[in-house]
Amino acid sequence: MSGLSGYRGPSAKILTEAGASIGDVLEVQTGGESVTGTLVPRYEHNDDSHIVIKLKNGYNVGISVEKVSKVVRVAKGEAPKFVTPEKVASKGLPRVSILGTGGTIASRVDYRTGAVSPATTAEELYSLFPELSGIASITPEIVLSVYSENLEPKHWETIAKRVSEVVAEGVSGIILTMGTDTMGYTAAALSFALRGLPVPLFIVGSQRSSDRPSSDAFLNLIGAATMAVQADFAGVYVVMHADSSDERLAVHLGTRVRKNHTSARDAFESMGVEPVGYWSRQGIQVTEREAPPPRGEAEGFAAMPNFDPRVALVKFYPSMPDGYLGAILGSGLRGVVFEGTGLGHINSKNIDQVKKFVNGGGVVCMTSQCLWGRVDMNVYDTGRDLLKAGVVPLEDMLPETALAKLMWALANCKSADETRAVMQENLAGEITPRSVQRR
Amino acid sequence: MERQARATILPFDPEASQLRVGLEIHQQLATSTKLFCPCPIVKSDELPLSFERRLRPTQSELGQIDPAAVFEFNKGRVNLYKWNPESACLVDADEEPPHPPNMEAIETAILMAQVLGSGVVDEVHVMRKLVIDGSNTSGFQRTAIIALGGALPVDGVSVGVQTITVEEDSSRVLKEGAQAREYALDRLGVPLIEIALDHVVGVPEHVEAVALSLGRSLRSTGRVARGQGTIRQDLNVSLLGGQVVEVKGVQKLNLIAKVVRYEATRQMGLVKIAEEVKKRGITEVECKAEDATAVMRGTSSPVLKRILQKGGVVTCIAVADFAGLLGLEPFPSIRLGKELAEIARTNGLGGVIHSDEFVKQGISEEESVALRAVTGYDSNAGLVLVAGESAERVETVAGLVVERLRKTPIGVLGETRAATDDGETRYQRPRPGAARMYPETDIPEIVVTEEWKRSLRMAMPVSWKEKVAAYSKRYSLSEEAALQLYDSDNSKLFEELAAKLRLEPSVIASILVETPVRLSREGVDESKVTPEALTSVLVAVDGGRFAKEAAVDVLRAIGKGDARDVDEAVSKLGLTGMSDEELGKIIDGVLKRNKPLIEEKGDRAFSVLMGEVMKLARGKVDGKKVSKLLRRGLDEGR
Ligand SMILES: [Zn+2]
């Protein structure tokens, strides 16, 4: 790193005058005293009136620019010479592709400046996770570099296209690493775009940052890599910690998974169903639910990677202004997924607005904000009126899954009627006809 | 087998050895909540929840992994954390980002900086310091420098202050096993202030005096926690020109001199052993490890027999020209063999057996010859047996033992050791490389404004010396009693009671300070002699329920659990007061019985008579009152 990353205003001025760059050893004099250490970067949200020095003992301290009488550059900083790990031969092992999208599953800390950088090459990954070299022959690549919250349907398309190319090249399995925020949406989207995928695709991430020795990333990655080689099933899954311990991973079906905690390791849960299985160092344990699809032949597999982003997910709430709903319905959308109340309702006074949108060619689907349980619009008047208005009930489909599916269906169906039919068809486990799990 | 020997007093000449000791004091702060979460600071006896973690070593900037970290990871350790929601939360479990820091803790550190004349930094940056022994769930400890520089005056000399930091305490160790370690999360995250001093050169007692003085300065802020385990001292001990050994966790102040003395002697002993190695012309230590399980199959050594019966293995390490060196004791109980045994114990084995103790361990001459035959070494070689039930573990330990033996010519090795309760030090792990730290990005920087510092300067505590002098003056206590009171955990209670009770402050002070010490020496559980118990006893004495002399008996009964409270103790001990009439009868009786003595000795018989009356009154009455009445009786009798 060079330059004066993050410094601006008075602090940048005083450093520029001293000819200092990030990483240089400086002596900062304040009145009668002085502090010597390495100049470290400053974050953009910090003020412009302090200089941050990393002392020899490793600590950072901030010095007010107002007090600084002189800055002397003692030595030029030398970028750390990272010793590239030796190439580890894992020839003869099955090939596993690791596709990176932006979340850092593995990172290296530059303790000189505090910068955290992602590990991107196979050698780096092997050096961070020596076990990997005994599991598979890894080919990592960066497909995207986008924060999870910034991912859009066009990114799902990029990922789906790259996955189908990798499948054609011949791999035992695929690992997709990403930030966890929208992992559930991506998992659902890929479940539809990659229907019939002949190999398993495991989406992994870390809830606790990968720079920390306690990160969940390590086990998630090792588990996913092992399954990419050993699992006898195919399809799209999210693989994350089953609980707080570094012991067991849960394998969630891509269409039934939801992030239910902001920060904990076991944030991801299967909703309405059991996870497909669990992984531990002892092996894979498939649960007694509908068997996941077996592996298939790469030949003949074709992705359907297109999505139409003109869909809204609308959570209905008491006192939702008519104008708000009207604005959404009138914004040029082709579809709306409602997260309705209870069995699948919205305020009855809004039914006419919905009817108008449907009559104009739009597709409106209903899921429940209860998340657990199934919509049933035949029980109450409002439900029946909504059905009459053309709203499609989506059984126990998760709202986020419904959003991704409607985007995909609109991009791949020829008409609104066909789209409505596809939405009600169980394509990737997104609808479970029988309710077995209570919660 | 080499096992931990009892502590002995060692001969030691600090002048000749040029002992240097750097002191780091870790003091718990008396905040109501933890440093980075709102958990209350309480010790949980029940820990119903748990989870397991494995901490991974992380790479340095050069792509290398810290030796201490590798050491831990190679042990394949799983850390089991137990917790109770009353004293820990998801932050402590590393399942939630830290909350903004407890500002009370930061303020205490700024106050302390002002006491020691340290320069407070303008902007505080919280760092993550990698610690992967498992004591922190995250794998790092959050810590921040608050101030740099300053000086602590001790006996007319000024000891330089290096840094004042605020940091989170580690988890409480419940169990330390070879494969798993158990921790409790109640202590994790409790705010500590750490003060690191420049090293001092001199005698161990001086180091103790420095620690005592620093402890008193900390207490002068009135913001630090009191009681057992709230203060820990780390010592960096070295001899002139030698490597630095880090001794962790000296919990009692009065153990510091003993620990320093032991560690310095151990280091001098290792230097002497290294000199002996050189004298023998050994520049490179030649070692060879061979499997000796078959050879020892029929052994009569009880330790090995037990291991072999359970299907264990024995590895024999031969060290060329080391015969006699493993058991050599340049100072009492300082031996190379003991160092090796400590390494074995830290790694889950019971110890090692070396050739200088074969006879003692029941290993026959024939076995010794057979072992030499297996390794191909002659009788000049030293032999070290590493045995255990797990072959993998034995192999790991044998590797570490060989590594240690090869370093014998160096003398003292830089390592981390733990202080033991009896004032020795015990091997823990290799010394970590330079502390690896990077910013804690989840916590924003804290700007320390001039205004904030000014307002804290107003709250600057009175120095402990002034406080002690004021005590002594205000309560007419001797200076020693005043200092004892200040050092004790009960100074606040004293102030309250002195204001409330009619008792002489010196009486209150002596019961508050001396009784707990005396009872603890007798083996009574200190924690049972609570401030509440002390208060109720003093109130009872004040009300004339029993004599001050009986206070210790009452507290003993409570401390031992013989009585639940003062009332029960009083009735069990038969202390139900005594009327003046009853006392008069006793005095009359004593006077009558001792008539010849009184006639012979006159006033000089007083103390004998006094003793006799007190014995008969069995602590039911105050000595002063007895003295008054006895004097009257004596005068009247004449
Ligand atoms: Zn907490």
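This is a predicted model: local features need pLDDT of at least 70, side-chain atom pairs count only at pLDDT 80 or more; totals for chains, interfaces and linings use all residues.
Residues are numbered from 1 along each chain as its sequence is written, chains are lettered from A and ligands numbered from 1 in the order in which they are written, and side-chain values use heavy atoms, with hydrogens and water left out.

Helix α11 of chain B spans residues 464–474 and helix α12 of chain B residues 479–487; their axes come within 8 Å and cross at roughly 125°. Helices are DSSP runs of H or I of at least four residues, numbered from the N terminus, and axes are lines fitted to C-alpha atoms over the stretch in contact, with angles from 0 to 180 degrees between N-to-C directions. In contact (heavy atoms within 4.5 Å) are B:Trp464, B:Lys467, B:Val468, B:Tyr471 and B:Ser472 of α11(B) with B:Glu479, B:Ala482, B:Leu483, B:Leu485 and B:Tyr486 of α12(B). These residues comprise 7 nonpolar, 1 polar and 2 charged (Ala, Val, Leu, Ile, Met, Phe, Trp, Tyr, Cys and Pro count as nonpolar, Asp, Glu, Lys and Arg as charged, and the others, Gly among them, as polar).

In chain B, helix α14 (residues 505–521) packs on helix α16 (residues 551–559) at about 50°, the axes being 10 Å apart. The two are therefore oblique, and α14(B) passes α16(B) in a right-handed crossing. From α14(B), B:Ile511, B:Thr515, B:Arg518 and B:Leu519 make the contact, and from α16(B), B:Ala551, B:Val552, B:Leu555 and B:Arg556. The contact holds 5 nonpolar, 1 polar and 2 charged residues.

In chain A, helix α4 (residues 183–193) and helix α9 (residues 399–412) pack at about 40° with axes 8 Å apart. The crossing of α4(A) past α9(A) is right-handed. Contact residues include A:Tyr185 and A:Phe192 of α4(A) and A:Leu403 and A:Trp408 of α9(A); the contact divides into 8 nonpolar, 1 polar and 2 charged residues.

The whole structure contains 6 cavities of 30 Å³ or more (a cavity is a set of points on a 1 Å grid over the protein atoms alone where a 1.4 Å probe fits but cannot get out; lining residues have an atom within 4 Å of a point). The largest cavity has a volume of about 100 Å³ (the space filled by probe spheres set on the points, which are joined across faces, edges and corners). Its lining numbers 15 residues, of which B:Val91, B:Asp92, B:Arg142, B:Glu168 and B:Leu188 are closest to the centre.

How values were computed:
Angles under 35 degrees count as roughly parallel, over 145 as roughly antiparallel, 65 to 115 as roughly perpendicular and the rest as oblique. A crossing is left-handed if the near helix is turned anticlockwise from the far one by less than a right angle, and right-handed if clockwise. On a 1 Å grid over the protein atoms alone, a cavity is a set of points where a 1.4 Å probe fits but cannot get out, and a pocket is an open set with protein on both sides within 12 Å along at least five of seven lines; lining residues have an atom within 4 Å of a point.
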